[in-house]
Amino acid sequence: MPIRNVMLAFTAGMLLLGGCALQPQSPDESRFDALVTTPQLDSRLSALEDSLAQRCESDADRLESHTARLDEVGESVNAMSGTLGSLRAEIKNLGDETSAPPADCPTSDIEALENKTLLGRTEWVGFPTIGTYLKARIDSGANTASISAKDITEFEREGENWVRFNLALDEDDTVIDSVRDKPIEAEITRRVRIVQASGEESRPVITLLMRLGPIKQNVDFTLNDRSHLDYPVLLGRRFMLDIALIDVSQSYLHERPEYPGGESADSAAQDEARDGKDDKE
């Protein structure tokens, strides 16, 4: 039954209960409004119907919007469920990989460095077969080693080429006195060609047993007069290859060797203090 008909029936019933007649108003009742007329009631009922219809339409729109939103949330949840499933599979695979024993890491270069001897820019070197110690400059820019020599004379011994020479030293060079003017003989192992501004020359190369700190080995030396330089011995990169490194900020990191007729290693500091000039090659 429409709401309007219900309201009309309700109003009619109320009028019948009141005797279908209006009692005369007392003076105190004059302040109340007269009963609404049927047109007024119809108008109010129509307004109420319109309001209820608008509310129903609004609620229907909100319900439709919520339903659409729920559908979107459902789709998102389904997508997230698929993603979580993929992540679980990846995590499982990672767990299987980490459970395997780790592969051996490649050997670090640091280990190779630890097996090399650290040298300063200058060091004491000893020559057991000659019986003396000398100061040496360590220079990675040079290829071969060199020892200061003079009075170089080549000769033949038992079909082999030999050389005789003396150490070329000045008065300030530290050396055991008995060796300063002692002739030294050695077999020529090869020759090197030296190119200089003044021209080319061929120098003999000899092999001498040399000691530097923990290093003791045969080293090839070219013979050359270095008496105008600070250090009678030069050690190049061929000597240092695979066995030594240079720290140019330090010098005399290793103890001076001791030989008969020479000073003790403890007195080497006095000789080291005389270093002052630049050794220019």
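L245 is found in strand β10, where strands are DSSP runs of E with at least two residues and helices are runs of H or I with at least four residues, both numbered from the N terminus. At 31% relative accessibility L245 counts as partly exposed, on a scale in which buried means under 20% relative accessible area, exposed means over 50%, and partly exposed lies in between, computed with a 1.4 Å probe and protein chains only. L245 and G120 are separated by 125 residues in sequence, yet their C-alpha atoms are 8.5 Å apart in space.

The model is predicted, and its local features need pLDDT of at least 70, side-chain atom pairs count only at pLDDT 80 or more, and totals for chains, interfaces and linings use all residues. Residues are numbered from 1 along each chain as its sequence is written, and side-chain values use heavy atoms, with hydrogens and water left out.

## The loop between β10 and α6

G261 lies in the loop between β10 and α6 and, at 72% relative accessibility, counts as exposed. G261 and I176 are 85 residues apart in sequence, while the distance between them in space is 6.4 Å, C-alpha to C-alpha.

Y252 is found in this loop between β10 and α6 as well, but at 13% relative accessibility Y252 counts as buried. Y252 has a positive phi of about 50 degrees although it is not a glycine. A positive phi of about 50 degrees is also found at D151, again not a glycine; D151 has its place in strand β4 and counts as exposed, at 52% relative accessibility.

## Salt bridges

Side chains of opposite charge can pair when their charged atoms come close. The structure holds 10 salt bridges, each being a side-chain nitrogen of Lys or Arg within 4 Å of a carboxyl oxygen of Asp or Glu. In one of them, the side chains of R157 and E185 meet with an N to O distance of 2.7 Å. Because R157 lies in strand β4 and E185 in strand β6, this pair ties together parts that are 28 residues apart in sequence. R157 counts as partly exposed at 30% relative accessibility, and E185 counts as partly exposed at 35%.

With R190 in strand β6 and D220 in strand β8, the pair ties together parts that are 30 residues apart in sequence. R190 is partly exposed, with 29% relative accessibility, and D220 is partly exposed, with 28%.

A further salt bridge joins the side chains of D271 and R256, at 2.8 Å from N to O. This pair links distant parts of the chain, with D271 in helix α6 (residues 268-272) and R256 in the loop between β10 (244-247) and α6, 15 residues apart. D271 is buried, with a relative accessible area of 11%, and R256 counts as buried at 2% relative accessibility. Elsewhere, salt bridges that share partners join R157, R164 and E185 into one network.

## The second largest pocket

The second largest pocket has a volume of about 400 Å³. Of the 20 residues that line this pocket, A142, T144, I194, R203 and L234 are the closest to its centre. The elements that give two or more residues to the lining are β4 (145-157), β6 (184-196) and β8 (215-224), and β6 gives the most, with three residues.

A pocket here is found on a 1 Å grid over the protein atoms alone, as an open set of points where a 1.4 Å probe fits, with protein on both sides within 12 Å along at least five of seven lines, and lining residues have an atom within 4 Å of a point. Grid points are joined across faces, edges and corners, and the volume is the space filled by probe spheres set on the points. By class, the lining has six nonpolar, seven polar and seven charged residues, where Ala, Val, Leu, Ile, Met, Phe, Trp, Tyr, Cys and Pro count as nonpolar, Asp, Glu, Lys and Arg as charged, and the others, Gly among them, as polar.

## A nonpolar surface patch

On the surface, L84, L87 and I91 form a nonpolar patch with about 280 Å² of accessible area together. L87 has its place in helix α2 (residues 38-99) and counts as partly exposed at 41% relative accessibility. Patches are made of residues with over 30% relative accessible area and no salt bridge, with nonpolar side chains (Val, Leu, Ile, Met, Phe, Trp, Tyr) joined within 5 Å and like charges within 9 Å. Accessible areas come from the Shrake-Rupley method with a 1.4 Å probe, and for residues only the protein chains shown count as cover.
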